[in-house]
Amino acid sequence: MFSGTRPVNLGYADGKFAPPSWKPNTVSSTVEPIDKHYIEPLPFTGTATTAWKRLRAIVASSKGATIVTDGETYLYAEFSSGLLGFVDDVEFAIGEKAGTIHARSGSRLGIDDLGVNRKRIERIRQAMLKG
């Protein structure tokens with residue numbers, strides 16, 4: 001019902017995702033740490049291949065998630081809310097720095113997401129740490 005339109009500026013290039021808008025409904029690990037949208041990248045131990053497989057499994061099993069792009073170093077998923085069908089665009093990319101996966105999660109519609117995108121990435125972080 002409130003799915004909005006898929007953004008045209010998705011992707012990971014030159015070590016960055018597209019910058020967030022002024023709205024507080026997006027988090028990104030590739031903006032400057034002083035930016036209100038900043039969130040820490042996801043750390044991992046072991047090989048990048050193993051961590052990436054774990055991330056894919058976590059995202060695929062997440063409620064409302066549909067993986068759209070599943071590459072060797074980039075993953076894009078759409079997360080739909082149950083009742084009204086709001087869609088958030090969520091991206092992950094293996095970072096240049098060893099042991100990190102960058103993350104970006106943003107709402108397509110609205111201004112304030114009540115912290116949903118930040119909480120989503122933190123849940124995924126916790127699931128990665130349990131692995």
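Student: How many salt bridges does the count come to?
Tutor: This is a predicted model, in which local features need pLDDT of at least 70 and side-chain atom pairs 80 or more, while totals for chains, interfaces and linings use all residues. Residues are numbered from 1 along each chain as its sequence is written, and side-chain values use heavy atoms, without hydrogens or water. With a salt bridge defined as a side-chain nitrogen of Lys or Arg within 4 Å of a carboxyl oxygen of Asp or Glu, the count comes to seven.

Student: Which residue forms a salt bridge with aspartate 70?
Tutor: Aspartate 70 lies in strand β5 (residues 65–70), and its partner, 14 residues apart, lies in helix α1 (residues 48–60); helices (H or I, at least four residues) and strands (E, at least two) are DSSP runs, numbered from the N terminus. The closest N and O atoms are 2.5 Å apart, and the partner is arginine 56.

Student: What is the relative accessibility of arginine 125?
Tutor: Arginine 125 forms a salt bridge with glutamate 122 at 2.7 Å. Both lie in helix α2, three residues apart, about one turn. Glutamate 122 counts as partly exposed at 30%, whereas arginine 125 counts as buried at 9%.

Definitions and conventions:
Buried means under 20% relative accessible area, exposed over 50%, partly exposed in between (1.4 Å probe, protein chains only).
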